[in-house]
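Have a look at the model first.

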Amino acid sequence: MAVKPPLSSPTSTRLFRPFLPSPSSASPLSLRSREPTTSFALFCSTAANPSSDGFLSKGSPSLHSTNGASSVSSNASSAIDFLTLCHRLKTTKRKGWVNHGIKGPESIADHMYRMAIMALIAPDLSNIDRERCIKIAIVHDIAEAIVGDITPSDGVPKAEKSRLEKEALDEMCRVLGGGLRADEIKELWAEYENNSSIEASIVKDFDKVEMILQALEYETEHGKVLDEFFLSTAGKFQTDIGKTWAAEVVKRRNSRLEKRF
């Protein structure tokens, strides 16, 4: 696929408020390298202290020092608070399926997970950062842990939806404690939201492909016809891989419908 080099991603500053129910119910960050230790014993004997990204770096106060232990404990607390918040992604069902009466529909986390798998198994493409695609897929809907799954049927203007999600993302990053990891999450989210790189465009296509594939699977499992999801995505794929994978899903659906009717 002929693609242009990734655009630089915008930097943004964002900030989380208490859970908001849904209305109706560029370049990767430069991460500091770290030398791996050769054994657990060596790790325990190495003077270390958490850095801003939550990892341990040499030349800092010992883990046995009061300040070091306090920092480790504080970082662990922030991490577990953040992960507990992300639990909502596992329990919040995708509203489009709920609205169509699908029993036991997928969660937001289910959707993001398969998108990450898509990025993992996609063929090698020139000038594409596969790891970044995987990260964007994992992060792109993360703010829904707070705002829920806002769909077009909710009647929320696109700008307002983006504002709510931005505030939620900023709050989640505060819960995480800031630092490099939080900054990276913000950057990845903004890159997807603004469609500002080829990686973001690919993941946006994966978002639609995953949805119509899931629609086909629900049609097969529940005997439904879910035209809405195919009509809403038709002609909106931006990349060759998105168009190719979507065409395969549609071909399989058409073949099934022909046999059924």
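The report below takes the helix and then the loop residue.

This is a predicted model, in which local features need pLDDT of at least 70 and side-chain atom pairs count only at pLDDT 80 or more, while totals for chains, interfaces and linings use all residues. Residues are numbered from 1 along each chain as its sequence is written, and side-chain values use heavy atoms, with hydrogens and water left out.

Let's begin with helix α5, residues 130-139; helices here are DSSP runs (H or I, at least four residues), numbered from the N terminus. Its buried residues (under 20% relative accessible area, 1.4 Å probe, protein chains only) are Arg132, Cys133, Ile136, Ala137 and Val139. They pack against α4 (108-121), α8 (179-193) and α9 (198-222).

How do α5 and α8 cross? Their axes, lines fitted to C-alpha atoms over the stretch in contact, come within 9 Å and cross at roughly 90 degrees. The two helices are therefore roughly perpendicular (65 to 115 degrees). On the α5 side, the contact (heavy atoms within 4.5 Å) is made by Arg132, Lys135, Ile136 and Val139.

Thr151 lies in the loop between α6 (144-147) and α7 (158-176). Thr151 counts as buried because its relative accessibility is 12%. Leaving out residues up to four places away in sequence, Thr151 touches Lys95, Gly96 and Asn99.

Two polar pairs (N or O atoms within 3.5 Å, one able to donate a hydrogen and the other to accept it) are tabulated here:

| Pair | Distance |
|---|---|
| Thr151 side chain and Ser153 side chain | 2.7 Å |
| Asp129 side-chain oxygen and Glu131 backbone nitrogen | within 3.2 Å |

Methods:
Buried means under 20% relative accessible area, exposed over 50%, partly exposed in between (1.4 Å probe, protein chains only). Axes are lines fitted to C-alpha atoms, for helices over the stretch in contact, and angles run from 0 to 180 degrees between N-to-C directions. Angles under 35 degrees count as roughly parallel, over 145 as roughly antiparallel, 65 to 115 as roughly perpendicular and the rest as oblique.
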